[in-house]
Amino acid sequence: GFYLVPLLRKLKFGQTILDIGPSWHKNKQGTPTMGGIMFIISICASGAIILLINTVMKNPLKIDTQMHIKLWAGIIMALAFGLIGFADDYIKVVKKRNLGLTIPQKSIAQIVVCAAYLAALYFAMGKAPYMYVPFVGQVKLGIWFWILGVCVLYGAINAVNFTDGIDGLCASVTVTCAAGFVVIAIMRSVFGMGILASALMGGCAGFLVYNHHPAKVFMGDTGSMFLGGMVVALAYIIDCPLLL
């Protein structure tokens, strides 16, 4: 952040504020955006390094093959959504308007990523998709795995994206969410999810140093879509998208 924020200012990657917003938002015009890059790098790097160390040390965390697929698929999925957000932010910055990708363009790209991620989970589950329901156990989903999955993914990604609008809001909410997943990981001894949840919590907390009011940088769609992907990944790692 110490290096990225001045660089974004130098590149003039400033946010254009919507005309329909309140008048006091106008003084935020030109605040650097795409700041989500800083926590994307930190979350992915820290999570990946620990997973690789675990592999080199002959798996002391006892992460099985299915869990490994879910963890890496989740990281890749979140990065893919972050890339869609980056394209959206880049268009906003270059065109100097707060429109970016059109709704159909963004939706099609998101659904493609949703389908690819669900396909990875489908094969990780041995082509017999299921969902964990609290107090009931594992419930086979069949075709509903795909229907529910697209709805959950598309809904959650855009919900996190919409949450990003006020200084510190999206990052602080996601810290709280990640902390909840850390507790769940400890209670259920799902250490793979605990690694990603802890990385997510730390990345967002670090970002708040630069994003609390008055914000020195915005995460942009680059950051908010990535965060949405991470939250969904954590829910699917424990086979419980119902949490969302």
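What is the volume of the second largest pocket? It is about 210 Å³.

This is a predicted model, in which local features need pLDDT of at least 70, side-chain atom pairs count only at pLDDT 80 or more, and totals for chains, interfaces and linings use all residues. Residues are numbered from 1 along each chain as its sequence is written, and side-chain values use heavy atoms, without hydrogens or water.

**View 1. Lining of the second largest pocket.** A pocket is an open set of points on a 1 Å grid where a 1.4 Å probe fits, with protein on both sides within 12 Å along at least five of seven lines; lining residues have an atom within 4 Å of a point. Volume is the space filled by probe spheres set on the points, joined across faces, edges and corners. The lining includes V152, C177, G228 and L244. Helix α5 (144–163) gives the largest share, five residues. Helices are DSSP runs (H or I, at least four residues) numbered from the N terminus.

**View 2. The largest nonpolar core.** This core has 42 residues. Such a core joins buried Ala, Val, Leu, Ile, Met, Phe, Trp, Tyr and Cys through side-chain atoms within 4.5 Å; buried means under 20% relative accessible area (1.4 Å probe, protein chains only). F39, M193 and L227 are among the residues with the most contacts inside it. Helix α7 (191–211) supplies eight residues, the most.

**View 3. Surroundings of L227.** Contact means heavy atoms within 4.5 Å. Beyond four places in sequence, L227 touches F39, V160, C170, T174, L200, C204 and M219.

**View 4. Q110 in helix α4 (residues 103–124)**. Q110 is buried, at 1% relative accessible area. Among its contacts beyond four places in sequence are F81, Y154 and M225.

Conventions:
Buried means under 20% relative accessible area, exposed over 50%, partly exposed in between (1.4 Å probe, protein chains only). Helices (H or I, at least four residues) and strands (E, at least two) are DSSP runs, numbered from the N terminus.
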